[in-house]
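Colleague: I would like to learn how to read a few features of a model. Please take them one at a time.

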Amino acid sequence: PAFGQYGIALDVGTTTLAAQLYNKAGAKLAECGRRNPQAACGADVISRIESALHGDLDQLSNAIREAIDGMIRELAKQARINAKEIDGMVITGNTAMLYLLTATSPETLSRAPFQADRLFGETLTANELRLSALSPQATIYLPPCIAAFVGADTVCAILATNLCETENALLADIGTNGEMGLWHNGTLSVRSEE
């Protein structure tokens, strides 16, 4: 765990946000979920990318950060702790959702050859990500993405399921943006459907 006292795992899904709060011993203290407020700018990734490129990037970024701040406060309240005691967080999501969270222009995701110019795997502070519910120096990790449309959420799912430690296995993420991972004969193949 990349935290000292309390840590949050949060998934920024295209449709739904889901979060869980853990203590240092690994016990889950609280969980919550809510709709992704970016849906006001489009129900899918492509619509949101287009919206961002037409001047709504700050609106999309602010909306998701405000929702995350609200979820942090809700988790802390459920656990009866001060949100400022939460000193670590992992935020995952598909590549486009992480672009919009960090107010990174999704220009490279919008046109061929659809190559992401930012694949994350980055550690930021709450201050750098402009999350006010946490102390400014709280550590936030954004896991690496595989490609423009195979995100950190797929990486986290592959790790959480120990997919590559089995003989052969298939992982399917059936959400607004579908992704699959196939571990076969020692080779991992991934694919998305946009």
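**Reading the model**

Modeller: Start with charge. In the protein chain, the mean positions of the 14 positive and 22 negative charges lie 8 Å apart. Lys and Arg count as positive and Asp and Glu as negative, with His and the chain ends not counted; a charge is placed at NZ of Lys, CZ of Arg, CG of Asp or CD of Glu. This is a predicted model, where local features need pLDDT of at least 70 and side-chain atom pairs pLDDT 80 or more, while totals for chains, interfaces and linings use all residues. Residues are numbered from 1 along each chain as its sequence is written, and side-chain values use heavy atoms, leaving out hydrogens and water.

Colleague: How many helices and strands does the protein chain have?

Modeller: Helices (H or I, at least four residues) and strands (E, at least two) are DSSP runs, numbered from the N terminus. The protein chain has four helices and nine strands, in the order β-β-β-α-β-α-β-α-β-α-β-β-β.

Colleague: What radius of gyration does the protein chain have, against that of a compact globule?

Modeller: The radius is taken over C-alpha atoms, and the globule rule is 2.2 Å times the number of residues to the power 0.38. For 194 residues the rule gives a value near 16 Å; the protein chain has 17 Å, which agrees. Its C-alpha atoms fill a box of roughly 45 × 45 × 25 Å along the principal axes.

Colleague: What share of the residues is buried?

Modeller: Buried means under 20% relative accessible area, exposed over 50%, and partly exposed in between, with a 1.4 Å probe and protein chains only. Of the 194 residues, 45% count as buried.

Colleague: Which strands does E8 pair with?

Modeller: Two strands pair if DSSP finds at least two bridges between them. Strand E8 (residues 178–184) pairs with E9 (residues 187–193) in the antiparallel sense over seven bridges, and leucine 182 has serine 189 of E9 as its bridge partner. Strand E7 (residues 168–173) is joined to E8 by six bridges, also antiparallel; there, alanine 169 stands opposite tryptophan 183. The hairpin from E7 to E8 passes through four residues, while that of E8 and E9 has two residues between the strands.

Colleague: Is threonine 125 buried or exposed, and what does threonine 125 touch?

Modeller: Threonine 125, in strand E5 (residues 120–125), is buried because its relative accessible area is 17%. A contact means heavy atoms within 4.5 Å. Leaving aside residues up to four places away in sequence, threonine 125 touches Pro136, Gln137, Ala138 and Ile140.

Colleague: Where is aspartate 11?

Modeller: Aspartate 11 is in strand E1 (residues 6–12) and counts as partly exposed, at 30% relative accessibility. Beyond four places in sequence, its contacts include Thr92, Gly93 and Asp153. Of these, Asp153 is one of the buried residues of helix H4 (residues 152–160).
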